[in-house]
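Hi everyone, thanks for coming.

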Amino acid sequence: MNADALRAAVTPRTRVLVLNTPHNPVGKVFTAAELDEIADVCREHSLTVVTDEVYEHLVYDGTPHRTIAALPGMRERTLVISSAGKTFNVTGWKVGWICGPAPLVAAVGSVKQFLTYASGTPYQEALARMLGSVEEWAAELRDTLRANRDLLSDGLKQAGLRPYRAEAGYFLQADVRPWGYADGVAFCRELPDRAGVVAIPTSAFYQGQDAPSWLVRFSFCKREESVRAAVDQLVRAR
Ligand SMILES: Cc1ncc(COP(=O)(O)O)c(C=O)c1O
């Protein structure tokens with residue numbers, strides 16, 4: 001994280017800071033020191049924080065997930081978002097929850113009321129019950145995903161690509177230059193024909209001109225046999 005860039009981005013008109021940890025697409029988990037720096041900026045400028053922590057339980061290798069809401073002076077200015085889709089591996093459900101101080105949660109409720117009005121009520125009922133056993137669910141899912149991440153990461157290396165380490169989440173990034181591509185968009189266009197595998201250019205997540213054009217995002221939130229098949233096909237397509 002570049003704290004100077006963050007400070008430079010805050011203007012007198014800034015009201016809200018949006019944070020995402022663990023991060024999609026990078027799989028980064030913000031450290032205690034980084035969160036301290038972000039919290040300093042938020043307190044200095046009286047910013048409200050919306051923190052997207054939908055991958056809070058899907059953190060591997062013992063890296064601790066921390067919420068900025070737990071830092072001094074932050075709880076009263078922070079909305080923490082999480083998701084059934086990620087925590088319980090039911091991505092089609094589109095149900096989540098928000099924690100925060102009552103006035104901010106009420107504001108979110110008003111926005112929800114005037115945008116989508118309601119969510120899938122039966123899913124909400126199911127989720128309310130599932131939350132009672134979140135730790136058991138999450139532990140099993142974490143083990144499955146960690147194994148998938150390792151399988152995919154090793155497979156990408158075997159296929160001659162250069163994967164980056166994902167500390168958390170569903171995704172990992174790979175450098176496609178060893179296959180002769182400088183451009184992840186071209187790589188992703190050709191990959192379905194070449195290997196029967198689909199990836200997303202990381203540049204799609206950027207707004208500015210500074211996107212790392214050589215990176216693509218692969219997903220490992222699949223059945224183990226699907227990850228294995230993808231790896232075999234990538235190795236053959238090398
Ligand atoms: C960082 C992040 N936040 C939110 C979401 C949306 O979650 P849901 O599927 O529960 O709407 C996603 C889904 O990919 C995500 O990666």
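Asp-61, Arg-149, Asp-150 and Arg-165 are joined in a network of salt bridges. By salt bridge I mean a side-chain nitrogen of Lys or Arg within 4 Å of a carboxyl oxygen of Asp or Glu. Counted that way, there are 10 salt bridges.

A quick word on what we're looking at: this is a predicted model, where local features need pLDDT of at least 70 and side-chain atom pairs count only at pLDDT 80 or more, while totals for chains, interfaces and linings use all residues. Residues are numbered from 1 along each chain as its sequence is written, and side-chain values use heavy atoms, leaving out hydrogens and water.

Now, which side chain does Arg-7 meet in a salt bridge? That would be Glu-44, at 3.0 Å from N to O. Arg-7 sits in helix α1 (residues 3-9) and Glu-44 in helix α2 (residues 32-44), so this pair ties together parts 37 residues apart in sequence. Helices here are DSSP runs of H or I, at least four residues, numbered from the N terminus. Glu-44 is exposed, at 53% relative accessible area, and Arg-7 is partly exposed at 36%. For those words, buried is under 20% relative accessible area, exposed is over 50%, and partly exposed is in between, with a 1.4 Å probe and protein chains only.

Staying in helix α2, Asp-40 and Arg-43 are 3 residues apart, about one helical turn. Their closest N and O atoms are 2.7 Å apart in a salt bridge.

Finally, helix α6 (residues 134-158) holds both Arg-146 and Asp-143, again 3 residues apart. Their side chains form a salt bridge at 3.1 Å, N to O. Arg-146 is partly exposed at 25%, and Asp-143 is partly exposed at 45%. Thanks, all!

Notes. Helices (H or I, at least four residues) and strands (E, at least two) are DSSP runs, numbered from the N terminus.
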